[in-house]
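Colleague: Please put the model up, and then we can go through its metal sites.

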Amino acid sequence: MTLPIPAETDWDKAPGLLDGAMNLDLSAEQCNLAYWFRGVAQGTLRDRAESGHTADEITPEHMRTDGPLRDAQILELGCRSIAEEEGTRALAYYVAHATGIAEMDFFATQLMDEARHSMVFRNHLVEMGIPADELRSTITKLSADYKREVLDPILEFALRAVREEGDFIGAVAIFTIIIEGVLAPAAELSERKWNLIDPAASAIARGAAIDEIRHLTVGSSIVKQHLDRNPTYRDRLMDIITRGRKLWDEIPDKKYIMEREHLFQEGMHQHAHLIGDYELFPGQRLLDTTAEERYATAERWTDKMAATRLAYMGLDEAIEILRLT
Ligand code: FE
Ligand code: FE
């Protein structure tokens, strides 16, 4: 008997990232290894295992031509590829320290997802004309400051919990609430922004977003389950959330996002004919937005998503602590 592909891992049926992360309820027990092999490897990734997109989802010539649009994408995918790579390395400790088999298996699949994201983000730069033998050095150079100022401190925070303090659940909360919770809206923005301009990148982003729904919902359910069974853990968790928020306030991530948004802004107007009346979200034409407005939109999405998911975990009092806008 052939089991169907679960809707949330089906390319055509899966919801968008924010919608899925706010409205779906998935557990580590549900998203086990068999689920991953069937739903992701044979579902989401069907025809897209090599590059993250099909042969019909092309990299247009304007993405291979020098200019601000291409520079924006190189910066964005270069930095995100390193973020996924560092995330993969960190998740090895989650696999090592997982408290149950369901959690261990789930994090083994998440590790594979993030390694794949790093690969497809990176390889799109080759599709954009960066010579394969210069890829590593190009990415290392463009992401060095971002890695030092943004990625290293937040991943260090997660690793301290899982490796040094032996607090697996706390580490899951850091990854789910603090790290991926803040990165997800930027990922949604990216998928929408590049939709018409770079179909290959848009498909790559869509595939990553489908995975991200699972990471956010399962991570939340692991934290929720633990909290339901161990109510006294709440104080420790609130302390982690408070420290996580303080850390985000000290990290200059906005500087890096704005650099690529300003490049995108310039490039978008040079290629206005490609975008036309395309709407970033209902009622808002992409061409009418500014870099600042797109950043503010991602922050509003972050708050909305965080509020829903924190309430699901029974952490209503954390909503105010994490609010960005
Ligand atoms: Fe990822
Ligand atoms: Fe993820």
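Colleague: Are Glu84 and His117 buried or exposed?

Modeller: This is a predicted model, in which local features need pLDDT of at least 70, side-chain atom pairs count only at pLDDT 80 or more, and totals for chains, interfaces and linings use all residues. Residues are numbered from 1 along each chain as its sequence is written, chains are lettered from A and ligands numbered from 1 in the order in which they are written, and side-chain values use heavy atoms, with hydrogens and water left out. Buried means under 20% relative accessible area, exposed over 50%, and partly exposed in between (1.4 Å probe, protein chains only). By that scale Glu84 and His117 are both buried.

Colleague: Which protein donors does the iron ion (ligand 1) have?

Modeller: Donors are N, O and S atoms within 2.8 Å of the metal (3.2 Å for Na, K and Ca); water is not among the atoms, so sites may look incomplete. The donors here lie 2.1 to 2.5 Å from the iron ion (ligand 1). They are Glu84 (OE), Glu84 (OE), Glu114 (OE) and His117 (ND1).

Colleague: Which residue bridges the iron ion (ligand 1) and the iron ion (ligand 2)?

Modeller: The two iron ions lie 3.5 Å apart. The iron ion (ligand 2) is coordinated at 2.0 to 2.3 Å by Glu114 (OE), Glu180 (OE), Glu212 (OE) and His215 (ND1). The residue that coordinates both ions is Glu114.

Colleague: What spacing do the donors of the iron ion (ligand 2) follow along the chain?

Modeller: Both Glu180 and His215, which are among these donors, are buried. The spacing along the chain is E-x65-E-x31-E-x2-H.
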